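Subject: Structure handover

Hello,

Here is the structure you will be working with. My notes on it come after the entry.

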Amino acid sequence: MISFIVSIVVLVCAYFVYGRIVEKVFSPDNRMTPAIALSDGVDYIAMPGWKVFMIQFLNIAGTGPIFGAIMGAWYGPAAYLWIVLGCVFAGAVHDYFVGMLSMRNSGSGLPELVGLYLGQNARRLMLVFSVILLAMVGVVFVYSPALILGGMWGTKMMWVLIIFGYYVIATMLPIDKIIGKIYPLFAFSLLFMAAALFVGLIIKHPTLPEIWSNMSDINANSPQSLLGTETFIDKNPLFPCLFITIACGAISGFHATQSPLMARCLSSEKYGRPIFYGAMITEGIVALIWATVSMYFFYYGGWREVVSPETAENFLAQADGGKSLIQYFDAPSVVKEVCSGWLGIFGGILAILGVVAAPITSGDTAFRSARLIIADALGLAQRTISKRLVVSIPLFLAAIMLLVWQAENPNGFNIIWQWFGWSNQTLATFALWTITVYLVQRKKPFIITFVPALFMTVVCSTFLLVSGQAFGLSTQIGYTGGAVILVLTLVWFFSWYRRQMKK
């Protein structure tokens, strides 16, 4: 329990200490922001700072810091280190600089920023990469809530149509009409759920693995007959798979597509640290809480405390046949069981908001971001509904095709989700290199993003080599390949840096 409390304290302190250092490096000023200079009543709308914070938090969070933290908890207390260090030194820095650079460049999206600092070839690559990633997010977050709602009332296809219809409306309408009104409510629900679980952890004070004594443990304190994690861990070793599994809550490239949305709604650059850096720190706290709850759930029999006798009996019957905790209680199941078991009826409602409303809200902003990225690339202003339709109709047709493929392919959801994780972190890597080049060109301390960019480059490259989701090579070959990529990246960067200094 001490590791958990210390991690929370470190995140809070980091906002006030390292967050100020990062802010000082960028040096915000009193210049007119895009929300005021380019106000169009659709996407460029100045809104109150507290509302922008809540929208930014929900945009970047969704179910990411919940589901990712639950799955990351399989790797043990190493998850604490990654959430804290990743959030403070990579994720929050990444979100802050992307948001602020967007404000300095008329609210430009990530591909436009990449083009400014990494060149037009990189811009074209990011344009395609970003739109594909955002389409995958939208499709995944149509299908997953539809599956849950279809099991409660109606049919899966009915909910797919309803959710997709909502996406079309939310993508087309001005940002303050739906998103500006309902997102703060959903964000509050997520924060309240996390706070209630935090209080529950303090009251229960369960025994939990600690960083200094259980770092190498991977669900080692639960009865091995109920686990069966060996196959999963063998195919997905801690490095680099932990750093792909826990994205939201540590660092996520999806955030780089969302921060520009809010960069178009801020009335002052001074709001950058509390909104961009602060929202990421808040997400890290949520991820820590869910990682801790999950460790108790998976490690020390916490599942017995929250599930009904019927559920426990069903699981134990299947456990004799080789069914493991991880196989039986997936991430949505853990959310449902923990919230309803610890927080009662109200907790059950919060769980529904967490596993249904949160992904839906991530999906609609994903499509909105895709619309704006495509519009920027084509030079189409989005003030009129006809211009928005020109961009949105092909986008939604492509999404429908992907959705149909997913529905007809029995393993379609898993395939999309697995590659979304890698694509997400690859996007973050490009964003970090973009920021690093910006800092070098402005003769600012680039080390603050150079180290995270280098680390994520190795993570994403090694993941392709060793993960069972990709090439599935041995860790010896994969780690050797990762080391080669590290050396090549260092040679490339410092060769470029020397040329840059001569200029």
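The notes below cover salt bridges, one serine, the nonpolar core and a cavity.

This is a predicted model, so local features need pLDDT of at least 70 and side-chain atom pairs count only at pLDDT 80 or more, while totals for chains, interfaces and linings use all residues. Residues are numbered from 1 along each chain as its sequence is written, and side-chain values use heavy atoms, with hydrogens and water left out.

Salt bridges

The structure holds nine salt bridges, each being a side-chain nitrogen of Lys or Arg within 4 Å of a carboxyl oxygen of Asp or Glu. One of them joins the side chains of Arg 104 and Asp 29, at 3.6 Å from N to O. This pair links distant parts of the chain, 75 residues apart: Arg 104 is in helix α6 (residues 78–104), and Asp 29 is in the loop between α2 (18–26) and α3 (34–37). Helices (H or I, at least four residues) and strands (E, at least two) are DSSP runs, numbered from the N terminus. Arg 104 has 25% relative accessibility and counts as partly exposed; Asp 29, at 26%, also counts as partly exposed. On this scale, buried means under 20% relative accessible area, exposed over 50%, and partly exposed in between (1.4 Å probe, protein chains only). A network of salt bridges links Asp 29, Arg 31, Arg 104 and Glu 269.

Asp 43 forms a salt bridge with Arg 368, with the closest N and O atoms 2.9 Å apart. Arg 368 lies in helix α19 and Asp 43 in the loop between α3 and α4 (49–61), so the pair ties together parts that are 325 residues apart in sequence. Both residues of this pair, Arg 368 and Asp 43, are buried. Asp 43 also forms a salt bridge with Arg 371, the closest N and O atoms being 3.0 Å apart. Arg 371 is in helix α19, so its pairing with Asp 43, in the loop between α3 and α4, ties together parts that are 328 residues apart in sequence. Arg 371 is buried, as is Asp 43.

Ser 392

Ser 392 lies in helix α20 (residues 385–408) and is buried, with a relative accessible area of 1%. Leaving out residues up to four places away in sequence, Ser 392 touches Thr 171, Met 172 and Arg 371; contact means heavy atoms within 4.5 Å.

Nonpolar core

In soluble globular proteins, nonpolar side chains tend to be buried together. A nonpolar core here is a set of buried Ala, Val, Leu, Ile, Met, Phe, Trp, Tyr and Cys residues joined through side-chain atoms within 4.5 Å. The largest one has 160 residues, and those with the most contacts inside it are Phe 97, Phe 276, Tyr 277, Trp 290 and Val 335. Helix α15 (residues 272–299) gives the most to this core, with 18 residues. Not counting residues up to four places away in sequence, Phe 97 touches Val 22, Val 25, Phe 26, Ile 435, Tyr 438, Leu 439 and Ile 448.

Second largest cavity

The lining of the second largest cavity includes Gly 109, Thr 257, Arg 264 and Asp 376. Two elements give two or more residues to this lining: α14 (254–263) and α19 (331–378). Of the elements, α19 gives the most, with four residues. A cavity is a set of points, on a 1 Å grid over the protein atoms alone, where a 1.4 Å probe fits but cannot get out; lining residues have an atom within 4 Å of a point.

Regards

Technical notes:
On a 1 Å grid over the protein atoms alone, a cavity is a set of points where a 1.4 Å probe fits but cannot get out, and a pocket is an open set with protein on both sides within 12 Å along at least five of seven lines; lining residues have an atom within 4 Å of a point.
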